[in-house]
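This briefing is intended for a reader who is meeting the structure for the first time. Please keep the sequence and the model in view while reading the points that follow.

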Amino acid sequence: MPHLDPEELSLLALYGDWEDEASREHLRVCPSCASDYAALRRTVDAVKTAPDTSSLSVPGPQVWAGIHRELGLSPSVQEDPLSAARRDTERHAALPHAERPDAGGVQSATPRDADQGAGPQDADPRRAVRDAGQQGRVPPSDAHARIYPRKNPAWWQRTGTWMAAAAAAVLVAVGGIWAFNRPLQPQPLAEAQLTPLAEYSATGSARVVETAGGARTLEVTLDKDEAQGYQEVWLIAPDLSRLVSLGVMNADSGTFQVPEGLELADYPIVDVSDEPVDGNPAHSSVSIVRGTLSS
């Protein structure tokens with residue numbers, strides 16, 4: 001079965017509404033292309049501005065360590081940004097409600113704070129900085145940044161850089177794995193549509209491709225096996241006076257070696273015959289399907 005080109009898979013993965021019904025039908029029946037498509041879709045979802053995270057898991061710190069090592073990033077960004085974000089979230093959740101930046105107010109000082117003061121061991125650095133901000137000694141924005149250092153714009157800018165680097169690394173890694181695991185699709189030298197003869201109704205296709213070593217193979221696919229005996233694949237001359245047997249096809253598809261030196265122009269007709277089990281190597285003269293190769 002011919003596979004989808006990488007370009008087609010990329011378009012289908014990038015654009016969910018890409019109108020290509022033939023390719024989508026192919027994905028429903030071809031496990032190999034469906035697997036490649038699913039991998040591309042996961043990559044596309046991972047780098048969207050607002051990705052669907054329902055199917056994603058939070059990576060451990062070893063993932064960022066690998067990205068940091070492979071990209072040769074500086075020691076200043078060695079810490080896993082996701083771990084830092086989790087700590088900020090936990091720190092924020094642990095604060096009393098009135099002390100949270102989003103609580104809409106600030107807890108008033110207690111009599112002990114006002115009259116007795118706070119010893120060094122009891123001092124709350126968050127409250128000290130907050131009070132300094134309220135009294136004008138420290139700008140509110142600076143006070144907020146000191147209490148929640150990872151909430152300031154510089155941190156978000158660094159985080160954005162880290163995440164962009166991580167996304168780039170993911171894309172490169174997935175692309176490399178996909179390109180390595182998926183062999184280049186051979187380009188057909190010639191193709192033919194196979195149509196039924198006589199009382200048969202099977203249809204199919206055939207194509208000749210060149211392998212990496214320079215050999216040629218004929219790939220034949222039928223939508224069903226209608227042979228009463230067994231199916232045999234032939235290449236036949238235009239005037240039907242000469243023919244070459246390529247082999248027996250025991251299923252609804254098969255791949256056959258084209259003899260070296262055989263000119264396809266001299267034997268352009270692909271024929272699948274219904275052969276009785278009689279030991280006679282000649283063509284039975286009963287053809288199931290037939291078609292002419294064209295480049």
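Helices H2 and H3 pack at an angle of about 105 degrees, and their axes lie 6 Å apart. H2 and H3 are therefore roughly perpendicular to each other, a term for angles of 65 to 115 degrees (under 35 degrees counts as roughly parallel, over 145 as roughly antiparallel, and the rest as oblique). The model is a predicted one, in which local features need pLDDT of at least 70, side-chain atom pairs count only at pLDDT 80 or more, and totals for chains, interfaces and linings use all residues. Residues are numbered from 1 along each chain as its sequence is written, and side-chain values use heavy atoms, with hydrogens and water left out.

- The residues of the contact of H2 with H3 comprise 6 nonpolar, 1 polar and 1 charged; Ala, Val, Leu, Ile, Met, Phe, Trp, Tyr, Cys and Pro count as nonpolar, Asp, Glu, Lys and Arg as charged, and the others, Gly among them, as polar.
- Helix H1 (residues 6-14) packs against H2 (residues 21-29) at an angle of about 95 degrees, with the axes 11 Å apart. Axes are lines fitted to C-alpha atoms, for helices over the stretch in contact, and angles run from 0 to 180 degrees between N-to-C directions.
- H1 and H2 are therefore also roughly perpendicular to each other.
- On the H1 side, Glu8, Leu9 and Leu12 meet Ser23, Arg24 and Leu27 of H2. The residues of this contact of H1 with H2 divide into 3 nonpolar, 1 polar and 2 charged.

**The two faces of H2**

- Ser23, Arg24, His26 and Leu27 are buried in H2 (buried means under 20% relative accessible area, exposed over 50%, and partly exposed in between, with a 1.4 Å probe and protein chains only).
- Seen down the axis of H2, its buried residues fall within an arc of 155 degrees, so they line one face of the helix; the arc is that of the directions from the helix axis to the C-beta atoms.
- H1 and helix H3 (31-46) are included in what covers these buried residues of H2.
- The face of H2 turned away from its buried side carries the exposed residues Glu21, Ala22 and Arg28.

**Strand pairing around S3**

- Strand S3 (residues 216-222) has 5 of its 7 residues buried, so it is largely enclosed by the rest of the structure.
- Strand S2 (residues 204-210) runs antiparallel to S3 and is joined to it by 7 bridges; two strands pair if DSSP finds at least two bridges between them.
- Val209 stands opposite Thr217 in S3.
- S2 and S3 form a hairpin with 5 residues between them, and Gly214 in the turn has a positive phi of about 95 degrees.
- S3 also pairs with strand S6 (residues 253-257) in the antiparallel sense, over 5 bridges. Here Thr221 stands opposite Ser253 in S6.

**Whole chain**

- The protein chain has 9 helices and 8 strands; helices (H or I, at least four residues) and strands (E, at least two) are DSSP runs, numbered from the N terminus.
- Buried residues make up 32% of the 295 residues in the protein chain.

Notes: Contact means heavy atoms within 4.5 Å.
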